[in-house]
Amino acid sequence: MGTVEIRELECFLILAEELHFGRTGERMYVSQGRVSQLVRALERRVGARLVDRTSRRVRLTPFGEDFLSALRPAYAALRATVEDARAAALGDGGPLRIGFQGVAGYGFMEVVGEFEDRHPGCATRITELPLSDPFGALHRDEVDTAAVLLPVREPGLVLGPVFSRQPQCLAVSHRHPFAERSLLDVEELAGSPLVGVAAPAPEYWREAQAPARTPSGAPIPRGPLVGTLQEGLSLVAANRGVLLLCRPTSEYHSRRDVVYVPVTGLPESALGLVWHAGRENARVRAFADAVAAGLSRLVL
């Protein structure tokens with residue numbers, strides 16, 4: 001049979017719930033093609049077909065049903081064993097310092113609460129990170145792990161689970177011409193100064209949050225630079241520029257003098273859990289696992 005791959009088993013278990021390759025891929029944060037590869041690999045290991053797939057439906061074969069019945073309790077026992085061992089390793093190892101950008105909600109704090117319940121000796125401390133300094137607290141050892149906006153290309157930092165993939169909106173003053181629009185195309189950003197992020201955030205990261213050009217290459221006027229989200233929204237309200245942000249953040253920061261308009265043609269915003277490779281420990285790994293597990297259940 002060869003070495004059993006846990007990822008293949010997890011894929012099969014999720015597919016058995018969803019009976020849909022696309023939704024299974026979304027829950028696992030992989031492509032639909034990768035789901036097919038994992039299922040085929042597992043079928044080769046067990047020596048039988050587990051799933052019947054047509055253009056209209058997905059269902060388990062009789063052999064797949066039997067395999068599922070045997071696998072579920074075994075997989076649950078394996079996870080419990082690992083979690084119990086990790087809980088014992090954590091012991092009373094002290095606090096876990098968690099930084100975050102944006103909104104610490106939409107499921108993230110629920111994951112934090114579940115982590116504390118499972119590891120009562122590991123109290124968490126939550127710290128908001130400035131928009132203009134997403135990685136500084138990690139480098140300075142002020143937090144153990146942080147949920148930050150992507151991308152992350154920092155030497156010495158490890159990118160763990162990626163979550164909260166969200167469409168982007170444009171924050172505009174209620175006096176701005178875009179305020180009357182229900183939808184914008186990204187190419188229309190060439191008409192208004194775009195509020196950017198100040199240093200010390202790295203240049204590649206600042207460019208991702210406030211691009212200098214549209215996908216077609218049209219230049220986007222540079223607006224003022226800000227260090228915090230509140231500074232950016234204040235400048236937007238004063239009609240000094242427009243600001244890109246994700247949908248949950250726009251919903252959380254509702255205000256009468258700012259209008260949020262969905263933008264098409266932009267990549268989704270996303271958060272990633274990051275920690276310093278040289279200071280990784282059992283608490284950080286346990287929290288990363290908690291976040292990864294929560295992705296399949298929560299809208300973060």
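Analyst: Elements including α1 (6-18), α3 (32-46), β1 (51-53) and β2 (58-60) cover the buried residues of helix α2, where contact means heavy atoms within 4.5 Å. The model is predicted, so local features need pLDDT of at least 70 and side-chain atom pairs count only at pLDDT 80 or more, while totals for chains, interfaces and linings use all residues. Residues are numbered from 1 along each chain as its sequence is written, and side-chain values use heavy atoms, with hydrogens and water left out.

User: Which residues of helix α2 are called buried, and what makes them line one face?

Analyst: Buried means under 20% relative accessible area, with exposed over 50% and partly exposed in between (1.4 Å probe, protein chains only), and in α2 (residues 21-28) the buried residues are Phe21, Gly22, Thr24, Gly25 and Met28. Seen down the axis of α2, these fall within an arc of 160°, taken from the directions from the helix axis to the C-beta atoms, so they line one face of the helix.

User: Why is strand β13 described as largely enclosed?

Analyst: Strands are DSSP runs of E with at least two residues, and helices are runs of H or I with at least four, numbered from the N terminus. In β13 (residues 269-276), 8 of the 8 residues are buried, so the strand is largely enclosed by the rest of the structure. Ser269, Leu271, Leu273 and Trp275 point one way, and Ala270, Gly272, Val274 and His276 the other way.

User: How do you know that β5 and β13 pair?

Analyst: Pairing requires that DSSP finds at least two bridges between two strands, and β5 (residues 145-149) and β13 have 5 in the antiparallel sense, with Val148 opposite Gly272.
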